[in-house]
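Please read them with the structure open.

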Amino acid sequence: MTALVEVRDLVRQYPMGEERVAALRGVTFDVDAGEYAAIVGPSGCGKSTLLNLIGVIDRPTSGSVSIGGARVDQLADSRATEFRLRRIGFVFQRFYLMQALTARENVELPLAEAGLKGPERRERARALLDYVGLAAREKHRPSQLSGGEQQRVAIARALANQPKLLLADEPTGELDARTGTEMIALFDRLNADGTTILVVTHDEDLARAARRVIHMRDGSIVGDERNR
Amino acid sequence: MLLTLAAASLLRHRARTILAVLGVAVSAAMLLDMVMLSSGMRESFRSLLLSQGFQLRISPKGTMPFDTDATIRDGDSIVTILQGMNEVKSVSPVLGGQLHIPSASGTIASSALGIIPSVEGDYELVGGRQPSAPDEIVANDALLRAIGRSLNDTVHAGAGYDSQLRSLTGERVLRIVGRARFVYMASEQKGVALPIATLRAMQGHAVDKPVSLMMVRLAPDQDIEVMRARLERQFRKVNVISTAEALKQVDERLSYFRQLAAILGAVSLVVGFLLVTTLVTVSVNERIGEIAVMRAIGVRRWRVVAQIVTEASAMMLAASPLGLMLGLVTARYLNSILARFPGVPERIDFFLFQPRSAWTALGLLAVSGVLAAVYPSWRSASLPIATTLRQEAVG
């Protein structure tokens, strides 16, 4: 397998008054294409920081991140935006859907940004909603959907531009157990269909479902194991 | 998509949006009024000067038309020379004075203009006819009301009134043959026009034939400035001013109004700018998380800015017709107050509506609205995404 994500000596420090607090202390690891990996660890250990750096929404203090063989840690804002749009899908704990838009319009948002025009865009958004099992709810607004349904819409939005990598930060954090299980099944299916998934979680069930579990503590990787 | 998000954002807080639109409309109205004021009097004066078709005005040396009681002695000789010029189409001499007319409520004083009815350019007939005999006059409604007379009535009038003896001088019996609206008189100013020879005789100036003002209409295709310079060289005891020169002098006298309008206009523009900036800043701060998410999923920074600028523009668009109406109503009301200023011709508008004024005001407002939205939107779209999302999650 070839590495899709290559993280090398990644350091992220935040200024706190006159001190600098290290969220990551030299992290190095790879994620292969098609892999499904979970990053676990106690709160504040740097999981989300790591995910943000891989997702190109933050910049490291030092070290490097390469995705698909290209360095992405120092991209200019416009190129980083373009990279996120076309190569990365983001799923957040709080879904973060646009409340003013319907489920379908939320999925259309990155498609529109990528330049897809009306009918083709709508068709693709419908297909994605169908994929996550929400075809019948395309005209509903987020406030009319349950938490699980909102997260499915968020996943459909993340998959809109067929990204190589799906990053999920506590995707089951706001869901009840049953909906969480449904979400785990959806991630399984996504991975089986070829999407590389990197998920940050406290959810033991979700971590167990991943093929690989990376353990973090105090900004460092302290364990890396394969589930099966 | 962009429009949907912009509309949704505006509708999310309807009351706030409506209040903001009203605020911008008031600002737009004030700006429009100030733009109208800055150019209105000048334009109004210009159209007044041009309305009767005279391009040159000749007054006694060192004076503006009807600035003083000064007259040009033997003005008729100049009139005769002018009428003999091929470049001149017609000349309308005017002699200013007063008529005193006894009435039931006392002796009424009225402004009087001695004119030649066939070439006059000082009034518009609104009833009756032009004087055709020496004892015939036209009067405006303000005078007719004051003396309680109407068309075809006769009046005893004098060119002077001795208040000690309570007697008229230069007394005549005159017949009212026309109702007129005097172009250069104030709205409530009493006015009368009569043949210039009659007024001179009543004033005791039948021999020296004075003239207060001569209005000259040039033949077609004449260069006004060339003629003005020529006449001033030819007649040493007069001032010859063209409409352009008169407007220049009016401009100088109105500079106070223009400065006032510019300052108040700028203030209203700044108020509108600050209003939009405040609203956009509040609105953006409320959706900072939403904006960070949009950026995280790959929405370009300029697109976020465009969405927010669209919201500001939509508010401006909604406020514009409202501001336009409000501005026109306010201008009309203010005009009615200012029109009562003594000595201001009835036909002068302080606030003259011209489409250009409206476009200027609305254009300025639109530009300021867009600029007001650009900074807060750019700032919000430039915030570090990860930090913003973390703060939103904690919040």
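1. **Chain B, elements.** Helices here are DSSP runs of H or I with at least four residues, and strands are runs of E with at least two, both numbered from the N terminus. Counted this way, chain B has 12 helices and 12 strands. Keep in mind throughout that this is a predicted model.

2. **Chain B, overall dimensions.** The radius of gyration of chain B is 31 Å, while a compact globule of 395 residues would come out near 21 Å. Along the principal axes, the C-alpha atoms of chain B fill a box of roughly 100 × 50 × 35 Å. Buried residues make up 42% of the 395 in chain B. Consider next the contacts in chain B with a separation of 6 or more: 82% of them join residues 24 or more positions apart.

3. **The nonpolar cores.** The largest nonpolar core holds 126 residues. Leu198(A), Val24(B), Ala28(B) and Leu31(B) have the most contacts inside it. Which element gives this core its largest share? Helix 2 of chain B (residues 14–51) does, with 17 residues. There is also a second, separate core of 48 residues, and Ile58(B), Leu194(B), Met215(B) and Leu231(B) are among its members.

4. **Helix 9 of chain B.** Is this helix mostly covered or mostly open? Helix 9 (residues 288–296) is mostly covered, with 7 of its 9 residues buried. Two charged side chains are on the buried list, Glu290(B) and Arg295(B). Just after the helix, Gly298(B) adopts a positive phi of about 105°.

5. **Six-stranded sheet in chain A.** This open sheet runs in the order 6-7-8-3-9-10, with mixed pairing. Strand 6 (88–91) and strand 10 (220–226) each have a single partner strand, so one side of each lacks a neighbour in the sheet. From one strand to the next, the twist averages 15°. Within the sheet, strand 3 (residues 36–40) and strand 8 (residues 196–200) of chain A pair in the parallel sense over 4 bridges. Ala38(A) stands opposite Val199(A) of strand 8.

6. **Four-stranded sheet in chain A.** Another open sheet has the order 2-1-4-5, and its pairing is antiparallel. Strand 2 (19–32) and strand 5 (70–71) are the edge strands, each pairing on one side only. Strand 1 (residues 3–16) and strand 4 (residues 62–67) of chain A are antiparallel partners over 5 bridges. Val5(A) faces Ile67(A) of strand 4. Helix 1 (residues 47–54) of chain A lies across strands 1, 2 and 4, and it runs at about 120° to strand 1.

7. **Where the chains meet.** How many residues of chain A are in contact with chain B? There are 21, and they meet 20 residues of chain B. Helix 2 (77–87) and helix 3 (103–113) of chain A each supply at least two residues of this side. Helix 3 of chain A gives the most, with 6 residues. The chain A side divides into 10 nonpolar, 3 polar and 8 charged residues.

Note on methods:
Residues numbered from 1 in each chain as written. Chains lettered and ligands numbered in written order. Predicted model: local features only at pLDDT ≥ 70, side-chain atom pairs only at ≥ 80, totals over all residues. Core = buried A, V, L, I, M, F, W, Y, C linked by C-beta atoms within 7 Å. Buried ≥ 20, exposed ≤ 12 C-beta atoms within 10 Å, placed from the backbone. Rg over C-alpha atoms; globule rule 2.2 N^0.38 Å. Contact = placed C-beta atoms within 7 Å. Pairing = 2+ DSSP bridges. Axes fitted to C-alpha atoms, helices over the stretch in contact; angles between N-to-C directions.
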